[in-house]
Amino acid sequence: MSVSRLFVEADLAAGIEAPMSEAQAHYLRHVMRRAEGAEVRLFNGRDGEWRATLALRGKKAAAALVGERRRAQSAEPDLWLCFAPIKRARIDYIAEKATELGVAVLQPVLTQHTAVERVNIERLRANAIEAAEQTERLSVPEVRAPIELDRLLGGWPAGRRLLICDETGGGPPIAPALAGLDAAARAAPWAIVVGPEGGFAQAELSALRRIKDVVAVGLGPRILRADTAVLAALACWQAMVGDWQQPTPRLAVDFRTSKAPV
Ligand code: SAM
């Protein structure tokens with residue numbers, strides 16, 4: 001039987017009781033039909049992953065009695081994804097895929113051609129949590145409130161390198177650009193920025209290029225949809241700079257692990 005893996009806010013240590021959210025309790029009890037004592041795995045982004053056993057409380061609630069630690073906490077690469085919000089289904093897709101691809105921060109950016117006004121941060125966070133549970137991550141990316149591009153750039157953190165996906169042919173192909181990075185650049189914190197369906201305005205590309213330690217790159221000869229460009233850029237960066245450089249750990253994981261709602 002697959003073991004459910006759940007993100008919780010509570011601190012995790014042997015012997016404590018971690019409360020389940022209402023949605024998690026419902027999912028475990030009535031969707032997965034888990035009984036008292038069933039094994040669950042918990043992580044909170046700080047304390048690693050722990051084995052726990054389900055304790056049913058009354059008709060609806062549940063908690064998890066924490067046992068031993070299964071995996072020590074490990075960090076994801078210090079990588080931000082700055083992306084112009086796009087329409088609902090595809091922005092959910094970006095949150096899910098960026099989580100699977102190890103992003104630490106999801107930063108929606110409002111640009112001149114951004115067609116979407118409102119971003120449901122709570123829904124993006126729920127997508128990110130669900131993806132983190134499924135992908136065996138030990139953390140959930142931080143989902144930030146949307147910010148105008150000029151404000152983002154005005155407060156750009158010193159030392160964070162910026163990879164601009166520039167569809168106007170303003171930069172070298174991504175592969176040689178990343179292959180040519182020196183050791184200091186590879187070890188630095190990074191951000192990747194992808195524009196909206198309508199692309200970046202020329203003035204925005206100029207403002208982006210004024211950031212110190214910036215690399216503008218092309219993602220091949222075709223114009224990609226914004227969500228495709230996010231995946232392509234993240235995969236290239238992870239493969240050439242990030243943690244895809246390490247062998248896949250032998251995760252003692254039950255690949256039938258089911259993911260739970262938050
Ligand atoms: N302006 C075009 C349009 O309206 O169809 C393309 C915009 S594209 C859908 C959205 C974003 O994806 C771009 O702003 C860019 O960041 C990225 N992108 C798409 N294709 C790309 C490519 N071939 N090279 C670099 N970036 C690309």
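Modeller: Please keep in mind that this is a predicted model. We may begin with a charge and a ring: the charged end of R144 sits over the ring of W80, 4.7 Å from its centre.

Colleague: R5 also has a charged end that sits over a ring; which ring is it, and how far away is the centre?

Modeller: A charge counts as sitting over a ring if the Arg CZ atom is within 6 Å of the ring centre and within 35 degrees of the ring normal. The charged end of R5 sits over the ring of F43, and its distance from the centre of that ring is 4.2 Å.

Colleague: Is S139 buried or exposed?

Modeller: S139 lies in the loop between α3 and β8. Residues under 20% relative accessible area count as buried. The relative accessible area of S139 is 13%, so S139 is buried.

Colleague: Which residues does S139 touch, apart from those up to four places away in sequence?

Modeller: Contact means heavy atoms within 4.5 Å. With residues up to four places away set aside, S139 touches F43, G45, Q73, E76 and A132.

Colleague: Why is strand β7 described as largely enclosed by the rest of the structure?

Modeller: Strand β7 covers residues 105-110. It is largely enclosed because, of its 6 residues, the number that are buried is 5.

Colleague: In which sense do β6 and β7 pair, and which residue of β7 is the bridge partner of L81?

Modeller: Strand β6, residues 79-83, pairs with β7 over 4 bridges, in the parallel sense. Within β7, the bridge partner of L81 is L106.

Colleague: Which residue of β8 is the bridge partner of L106?

Modeller: Strand β8, residues 142-143, runs parallel to β7, and 2 bridges join them. In β8, L106 has as its bridge partner V143.

Colleague: What is the handedness of the crossover from β7 through α3 to β8?

Modeller: The chain leaves β7, passes through α3 and reaches β8, which makes a β-α-β crossover that is right-handed. The unit made by β6, helix α2 (residues 88-100) and β7 is likewise described as right-handed.

Colleague: Which residue in β9 stands opposite L110?

Modeller: Strand β9, residues 147-148, pairs with β7 in the parallel sense over 2 bridges. The residue of β9 that stands opposite L110 is E148.

Colleague: Which elements do the buried residues of helix α1 pack against?

Modeller: Helix α1 spans residues 22-31, and its buried residues are Q24, A25, Y27, L28 and R29. Just after α1, R33 takes a positive phi of about 50 degrees. The buried residues of α1 pack against β1, β3, β4, β5 and α3.

Colleague: How far apart are the C-alpha centres of domain 1 and domain 2?

Modeller: The protein chain is divided into domain 1, residues 4-71, and domain 2, residues 79-245. The contact takes 10 residues from domain 1 and 9 residues from domain 2. Their C-alpha centres are separated by 33 Å.

Colleague: What separates the C-alpha atoms of L219 and G48?

Modeller: L219 is found in the loop between β12 and α8. Leaving aside neighbours within four places in sequence, its contacts are C165, I174, L224, A229 and A233. L219 and G48 are 171 residues apart along the chain, and the separation of their C-alpha atoms is 36 Å.

Terms used: Residues are numbered from 1 along each chain as its sequence is written. This is a predicted model: local features need pLDDT of at least 70, side-chain atom pairs count only at pLDDT 80 or more; totals for chains, interfaces and linings use all residues. Side-chain values use heavy atoms; hydrogens and water are left out. Buried means under 20% relative accessible area, exposed over 50%, partly exposed in between (1.4 Å probe, protein chains only). Two strands pair if DSSP finds at least two bridges between them. A crossover is right-handed if, with the strands pointing away from the viewer, the path from the first strand over the helix to the second runs clockwise. Domain bounds come from an automatic or database domain assignment.
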